[in-house]
Amino acid sequence: MYNKLKAGVMIVAGTVLLTVAGCGGDLEQSPKGTLTEEQITNGGNIDGLVTATYAYLGNDHYTAPNFLWPTGNLRAGDAHKGGNGPGDIFAYHALSMYTSIIADMESYPPDFVDLNNKKWVRNYTAISRANTALKALANTTEAQFAKKTIREAELRFLRAFFYFDLKIHHKHIPYVDETMSSEQIKAQTNFDLTDQQLWDKIAADFQFAADNLPLTQSEIGRVNQLSAKAYLAKTKLYQAYEQNDVHQVVNIDPEKLQTVVDLVDDIEDAGVYGLQDDFGQNFLHRFENSKESVFAIQRSRNDGSPDGRGSWPTALNAPLQGGFGCCGFHVPTENFVNAFKTDAQGLPQFDSFNSSNYVLAQDAVDPRLDHTVAMQGKPFKYDSELMIENGNAWARAPAVYGNFISMKELEHPDCECRIQNGPFPVFSMNTVLIRFADVLLWKAEALIELNRLDEALQIINRLRSRAMNSTAMLNNASIYNVGLYTAFTSQEQARRALRMERRLELGLEGHRFFDLVRWGVAKQTLDTYLEVERTRKPYLQEALFTAGRDEYLPIPQQQINLSGGLYKQLPGY
């Protein structure tokens, strides 16, 4: 049986407060004092610093989540904010509107909290933890600490993870590593490195991790060689789509695409990861850390911390009824639901899916819809006896957002993994950041751009075959029809199939907006979405995506002020 990495560690200014937790035993202790930098060069304390960096993965919250439902789904046309109307966490309403996003959200009532800045600060705090630990490692030797290289590789992976997150949100960010002095850090700007140079820095950390980590680790939650290769492949895929200063894709680098293919081949050949037999198993607590989970935030309950390291990023997303009670956020759009409709051959209705809304009694759909979205008359989380979703009664503001429910991130209210904190339902179900299906789709995307269409076809059909065989838990809630592609007759047809497959397979998992920006199609996709969706949801009347600006979030004004003006704002803000 594997042991699960768990711990809580706090770093404050020049001192380090440690709660040491063993991986596999009840070794959690309360902080007993402080340690200076000179005292943290032994293996035990260095391990505490490494665990402190891991801990920041799970220290997230719905105001600064590492599960990117606000920035990845609300901006993509896949979900409405939900909640009790636009003023309920206004910053997330702004994401859906685009025009309301400004560089100083703290000054924009009614929130008075700059959630954009909050996530920036949390990411750089995590990076600071990684750099602190890397400095400590530099002052020790392999003889003193046998796992020095492995722990360095883990830290560089974690640092790259947080930089990747900052990069896809803000594009131009300051880069700080453990070798820099205080004076160098203070002089750093967010334009010292070009777009491609910054990707190179992130890739170098993931490459070091891939080169120096073991194939697998016995302690679940620790990054391994294959998860490092996965993030390296993801980085190279993003980097391959070269952008100009106004975020248009001007070139796609075939060498980087081939690197993606090679890395995914390595992951496949290792035989460690694979697809779950049923698509829905990926979103149930009892199947966590499965063969499809390439990298996940390890959530927990009853772990000695006040509230548990549970799924706080989704604490607002459960419905009002069905045994939950709060809070109705992250509501799937009609456009998203309609995308699951299939034609007589079981293929997506690429051009016509959104011309009318899905009708349960007549429209055939891909089964992945009922694993992803709860809706009126269908079972919630496969409970056909006690949990039939009851439409408006389950919704917070159905007149504004509708009554669909995003279901992947939620568990059944009776799950042993549930933690109730006041009105908020929180779960210890892991947050999977990379699934093996996602990895396969990166390879398919790279193959299509390399014009190797037949190879990509096999990957896409593999996922569609899995979807076809994922109806056992669904209680015949819908008319299901999924077919396979017989051939791709052009690169453009293959692109359309790949991009739709990512939407269906990875829907509401936080990837969609970043996909649109990577492909350079955000403006045209969102204009098409808004043209119809605003007729269904009047709150979107003033929504407008501005190309050359809205692909990225602004640099928080507080950070520009704190830098003394060294940081420069992105175009358009």
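This note sets out numbered remarks on the cores, helix contacts and backbone of a predicted model.

1. Basis. In this predicted model, local features need pLDDT of at least 70 and side-chain atom pairs count only at pLDDT 80 or more, while totals for chains, interfaces and linings use all residues. Residues are numbered from 1 along each chain as its sequence is written, and side-chain values use heavy atoms, with hydrogens and water left out.

2. Main core. The largest nonpolar core has 150 residues, and Phe157, Tyr163 and Phe424 touch the most other members. Such a core is a set of buried Ala, Val, Leu, Ile, Met, Phe, Trp, Tyr and Cys residues joined through side-chain atoms within 4.5 Å; buried means under 20% relative accessible area, exposed over 50%, and partly exposed in between (1.4 Å probe, protein chains only). Helix α5 (residues 148–170) supplies the largest share of this core, 11 residues. Helices (H or I, at least four residues) and strands (E, at least two) are DSSP runs, numbered from the N terminus.

3. Phe424 and the second core. Apart from neighbours within four places in sequence, Phe424 is in contact with Tyr62, Trp312, Ala315, Leu316, Cys326, Cys327 and Ile419; contact means heavy atoms within 4.5 Å. A second, separate core of 13 residues includes Phe324, Phe380, Cys415 and Met429.

4. Cis peptide. One partner of Phe424, Cys327, lies in the loop between β8 (293–297) and β9 (329–332). The peptide bond leading from Cys326 to Cys327 is cis, with omega near 10 degrees. Most peptide bonds are trans, and most residues other than glycine have a negative phi.

5. Positive phi. Tyr98, in the loop between α3 and α4, has a positive phi near 70 degrees and is buried, with a relative accessible area of 0%. Asn475 also has a positive phi, about 55 degrees; its place is in the loop between α14 and β18 (479–480), and at 35% relative accessibility it is partly exposed.

6. Ile101. The loop between α3 (90–97) and α4 (115–138) also holds Ile101, which is buried at 9% relative accessible area. Ile101 and Tyr573 are 472 residues apart in sequence, yet their C-alpha atoms are 8.6 Å apart. Not counting residues up to four places away in sequence, Ile101 touches Ala94, Leu95, Leu553, Pro554 and Tyr573.

7. α14 and α15. Which residues of α14 meet α15? They are Leu453, Ile460, Leu463, Arg464 and Arg466, facing Gln491, Ala494, Ala497, Leu498, Glu501, Leu504 and Glu505 of α15. By class, this contact has 7 nonpolar, 1 polar and 4 charged residues; Ala, Val, Leu, Ile, Met, Phe, Trp, Tyr, Cys and Pro count as nonpolar, Asp, Glu, Lys and Arg as charged, and the others, Gly among them, as polar. The axes of α14 (residues 453–468) and α15 (residues 491–505) come within 11 Å and cross at roughly 30 degrees. Axes are lines fitted to C-alpha atoms, for helices over the stretch in contact, with angles from 0 to 180 degrees between N-to-C directions. The two helices are therefore roughly parallel (angles under 35 degrees; over 145 is roughly antiparallel, 65 to 115 roughly perpendicular and the rest oblique).

8. α9 and α13. The axes of α9 and α13 (residues 436–449) come within 9 Å and cross at roughly 145 degrees. By class, their contact has 11 nonpolar, no polar and 4 charged residues. Thr259 lies in α9 (residues 254–270) and is partly exposed, with a relative accessible area of 29%.
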